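I opened the model to take notes on its helices, ring pairs, core and charged pairs. The entries follow in the order I looked things up.

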Amino acid sequence: MSAPSDETLMALCAAGSDTAFAALVERHSPAVYRYFHVTCRDRELAWDLVQETFLRIHKHRARYQPGARFRNWLFVIAANLARSDRRARLRRPSMPS
């Protein structure tokens, strides 16, 4: 038996299934982490951004359009977070140690 599609899991998540959400996190967090690690070159920040991405997915799960590709939606959210983080870091330069 094949695993449910991302779109099926997201529909279940939108209906309130924590198990479906956990499956999406488990399935996609490695790829999202790699994206952030390449983007920001900071392991801890990359994991923080992964968590924030999935928090936003969960918070806005009702906005997911059934039939839309989940992975595209996921990476649009991740890309927006990466841009926001980059802008925030440029506004507040780090202090020398």
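**Entry 1: helix 3**

I began with helix 3, which has 17 residues. Its first and last C-alpha atoms are 24 Å apart, close to the 24 Å expected at 1.5 Å a residue. I am working from a predicted model, so every value here is computed.

Next I asked which residues of helix 3 are buried. I found L45, A46, L49, V50, T53, F54 and I57. These buried residues pack against helix 1, helix 2 and helix 4.

I also looked at the start of helix 3. There, a side-chain oxygen of D42 comes to within 3.1 Å of the backbone nitrogen of E44.

**Entry 2: helix 4**

I ran the same check on helix 4, with its 22 residues. At 1.5 Å a residue the helix should span 32 Å. Its end C-alpha atoms are 32 Å apart, which agrees.

The buried residues I noted in helix 4 are F70, L74, I77, A78, A79, L81, A82, D85 and A88. Their cover includes helix 1, helix 2 and helix 3.

**Entry 3: aromatic pairs**

I then searched the whole structure for aromatic pairs and got seven. For F21 and F54, the ring centres are 6.5 Å apart and the planes stand at 75°, so I logged the pair as edge-to-face. The cut-off for that label is an angle over 60 degrees.

Where do F21 and F54 sit in the chain? F21 is in helix 2 (residues 18–40) and F54 is in helix 3 (residues 43–59). They are 33 residues apart, and the pair links distant parts of the chain.

Are the two partners buried or exposed? F21 is buried, at 15% relative accessible area. F54 is buried too, at 5%. I checked both values against the cut-off for buried, which is under 20%.

I took Y64 and F70 next. Their ring centres are 6.4 Å apart and their planes are at 65°, so this pair is also edge-to-face. Y64 is buried, with a relative accessible area of 6%. F70 is buried at 0%.

I also noted one aromatic cluster, formed by Y35, F36 and F75.

**Entry 4: the nonpolar core**

How many residues does the largest nonpolar core have? I read 23. The residues with the most contacts inside this core are M10, V32, F36, I57 and F70.

Helix 1 (6–14), helix 2, helix 3 and helix 4 (70–91) are the elements that give two or more residues to the core. Helix 2 gives the most, with seven residues. In soluble globular proteins, nonpolar side chains tend to be buried together.

I went back to F70 to list what it touches. Leaving out residues up to four places away in sequence, I found D6, E7, M10, L24, H28, I57 and Y64. Y64 is the ring partner from the previous entry.

**Entry 5: salt bridges**

My count of salt bridges came to three.

R27 and D6 are joined by their side chains at 2.5 Å, N to O. R27 lies in helix 2 and D6 in helix 1, so the pair ties together parts that are 21 residues apart in sequence. R27 is partly exposed, at 36% relative accessibility. D6 is buried, at 13%. D6 is also one of the residues that F70 touches.

E52 and R56 form a salt bridge at 2.9 Å, N to O. Both are in helix 3, four residues apart, which is about one helical turn. E52 is partly exposed at 30%. R56 is partly exposed at 35%.

R89 and D85 form a salt bridge, with their closest N and O atoms 2.8 Å apart. Both lie in helix 4, four residues apart, about one turn of the helix. R89 is partly exposed, at 35% relative accessibility.

**Entry 6: D85 again**

I took a second look at D85 in helix 4. Is D85 buried or exposed? D85 is buried, with a relative accessible area of 11%. What does D85 contact beyond its neighbours within four places in sequence? I found L45 and L49. Both leucines are on my list of buried residues in helix 3.

Notes: Residues numbered from 1 in each chain as written. Predicted model: local features only at pLDDT ≥ 70, side-chain atom pairs only at ≥ 80, totals over all residues. Heavy atoms only, no water. Phe/Tyr/Trp six-rings, centres within 6.5 Å; stacked < 30°, edge-to-face > 60°. Buried < 20%, exposed > 50% of the residue type's maximum accessible area, 1.4 Å probe, protein only. Core = buried A, V, L, I, M, F, W, Y, C linked by side-chain atoms within 4.5 Å. Contact = heavy atoms within 4.5 Å. Expected span 1.5 Å × (residues − 1). Polar contact = N/O pair within 3.5 Å; in protein donor to acceptor, adjacent residues only side chain to side chain. Salt bridge = Lys/Arg side-chain N within 4 Å of Asp/Glu carboxyl O.
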